[in-house]
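Subject: A structure for you to explore

Hello! Here is the structure I promised to pass on. Please have a look at it first, and then read my notes below.

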Amino acid sequence: MSITKQVLQTRMLQHILFWSISLYLLLLNFQASSTLATTDIIYTGIFSVFLIAAVYINISVLIPKLFQNERYLIYLITLLLTISIIVFTQIFLFDNIVEILFPGYYLISYIAYWETLNYFIVFVGVTSLLHFSKSWFLFKESEAVLIETQKKKTEAELVALKNQINPHFLFNSLNSIYSLVLKKSDNAPEALIKLSDTMRFIIYESNNERVELSKEIDFVKSYIELQKLRMSAKDILTFKVSGNYDQQKIAPLLLIPIIENCFKYGIKGEVESSFVIIKILLKESTLSLHTKNNIGHIDNIEKQKSKGTGLLNLKQRLELIYPEKYQLDINENFDNFSVNLTIEL
Amino acid sequence: MKKRINKIRLIIVSSILAFSSCGIFSLHPLYYKKDLIIKPEIVGTWKKKGDINSYIMIDTVDQNFQFTRISNNDTIGFAMGLLMLNDQYFIDILPTSISGLDMFDLMRNNFIPTHTFMKIDFTEDQILITEFDNDRLETLFKENKIRLAHEFPWKTDKYSGEVVITASTNELQKFIARYANEANAFKTPIKYERF
């Protein structure tokens, strides 16, 4: 760190620098004749002592006790009263005490009361502004630190949530393949291939903050293809995507928890007919996802306690990534379950 | 013609120095117009006690005092202001003419007339004029003990010259009011009796 920077950052040095410059300027102002005399130095010194007192009473007592507690009127009145008393005392000192302190010297104050008051008001005003500007910079600095901390916290939360999705998704997919294997279905090998496709997206794309919406939809399509392998002929699947989504981007793995939910709780194998409706619509920058499925019994392998983990995770992520820019409505009745999600991308 | 002007200037300078070595030189007057007092009792001709060749004449013209000093064959005219500071009368005199010649006409290009202040006390038959002790005042200025705007315009390497106060009227009044309280600020009063 350079010496200049060190000086500027040290509070005491800042004050010494400020008062040195001020005293020099006051000395030039109070110099009575063309040459600087001892009397000018003594006069400026005494004048400055009162000035310094007024400035530090304001900065150390009045601003913290009154101004910062939003008692502005009382602050203003107290400040003016304090300055007036100090100026009066200063003039009294020059008129009556200085001749005792400095016998043989004629240190007369020629400045009128109002003019002296002006000097004090200017100094107190300027130092108050410096004080406030410094406080403002400190506030901005701490605000920036706070924002940065908040951002890091959010990022950490998102990573944690995404990390929850990956095993959750894998777990659900493996359940589906497991049920195919149990049935000794010929579709099991193809299901594994589809799973590897979806895992590729998760591994290579989901670490980005945003992915192309087309890739996210392709991922959804792959997942649906995977799920179709375990559907019976009686099951009805409606899947529609509409809108021009080539230019849009979205946070990765945002749609999949809802889609997953449809198949996990809707498709019940060959026991009875089931239905799943999935509609994705992009209108300008608004993405809508509507899903509806019937409610059946849960696959035995899925633990009851894990029910809804994906949707809860989704809500948390939406709150972090699209605060006040999304709407998520979940409706459940005896027969079916529907989800409506709208996001301003 | 040029020789005549030079001679007149020499007379002027010597006359002023002869008289005004007794006072403070100041660029600004000791009074504002509002401070001026008219006291009819000081109007008249006054003779210096113990000196048959020295007189002063005080007169009023248009509510202003005229102060004339006659010493031997020299006559110097002054515009005079009477004022009171801290219950004490002071006069401020500004040279206007020498031996009947208008100073402003003669010296406009070469000189700036300065004000001189004196303390004055008066009764019906007597006037006491007390001059400031110039030597003491100049010493105080040289020792930097007086904070009052001033210059030593005639200062050379070997000669400090007389001090000329350049402070404003307001500053002068404050200083004189304070300095006049000093016991050794003045010379011995000069007594004049009504003539």
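**Two helices in chain A**

In helix 7 of chain A, A:Phe219, A:Val220, A:Tyr223, A:Ile224 and A:Gln227 meet A:Ile256, A:Ile259 and A:Phe263 of helix 8 of chain A. Two residues are in contact if their C-beta atoms, placed from the backbone, lie within 7 Å. Helices (H or I, at least four residues) and strands (E, at least two) are DSSP runs, numbered from the N terminus. By class, this contact has 7 nonpolar, 1 polar and no charged residues. Here Ala, Val, Leu, Ile, Met, Phe, Trp, Tyr, Cys and Pro count as nonpolar, Asp, Glu, Lys and Arg as charged, and the others, Gly among them, as polar.

Before going on, a word about the model: it is predicted, so local features need pLDDT of at least 70 and side-chain atom pairs count only at pLDDT 80 or more, while totals for chains, interfaces and linings use all residues. Residues are numbered from 1 along each chain as its sequence is written, and chains are lettered from A and ligands numbered from 1 in the order in which they are written.

How do the two helices sit together? Helix 7 (residues 213–228) and helix 8 (residues 256–266) of chain A pack at an angle of about 15°, with their axes 11 Å apart. Helix 7 of chain A and helix 8 of chain A are therefore roughly parallel to each other (angles under 35 degrees count as such). The axes are lines fitted to C-alpha atoms over the stretch in contact, and angles run from 0 to 180 degrees between N-to-C directions.

**A strand in the open**

Strand 2 of chain A (residues 236–242) has 7 residues, and the number buried is 0, so the strand lies largely in the open. A residue is buried if 20 or more other C-beta atoms lie within 10 Å of its own, exposed if 12 or fewer, and partly exposed in between. A:Ser242, in this strand, is exposed, with 11 other C-beta atoms within 10 Å. Strand 2 of chain A runs parallel to strand 4 (residues 275–283) of chain A, and 7 bridges join them; strands pair if DSSP finds at least two bridges between them. A:Phe239 has A:Ile278 in strand 4 of chain A as its bridge partner.

**Chain B**

Chain B has 4 helices and 12 strands, and 27% of its 195 residues count as buried. Its contact with chain A takes 14 residues from each of the two chains. Helix 4 of chain B gives the largest share of chain B's side, 6 residues.

Enjoy exploring!

Definitions and conventions:
Angles under 35 degrees count as roughly parallel, over 145 as roughly antiparallel, 65 to 115 as roughly perpendicular and the rest as oblique.
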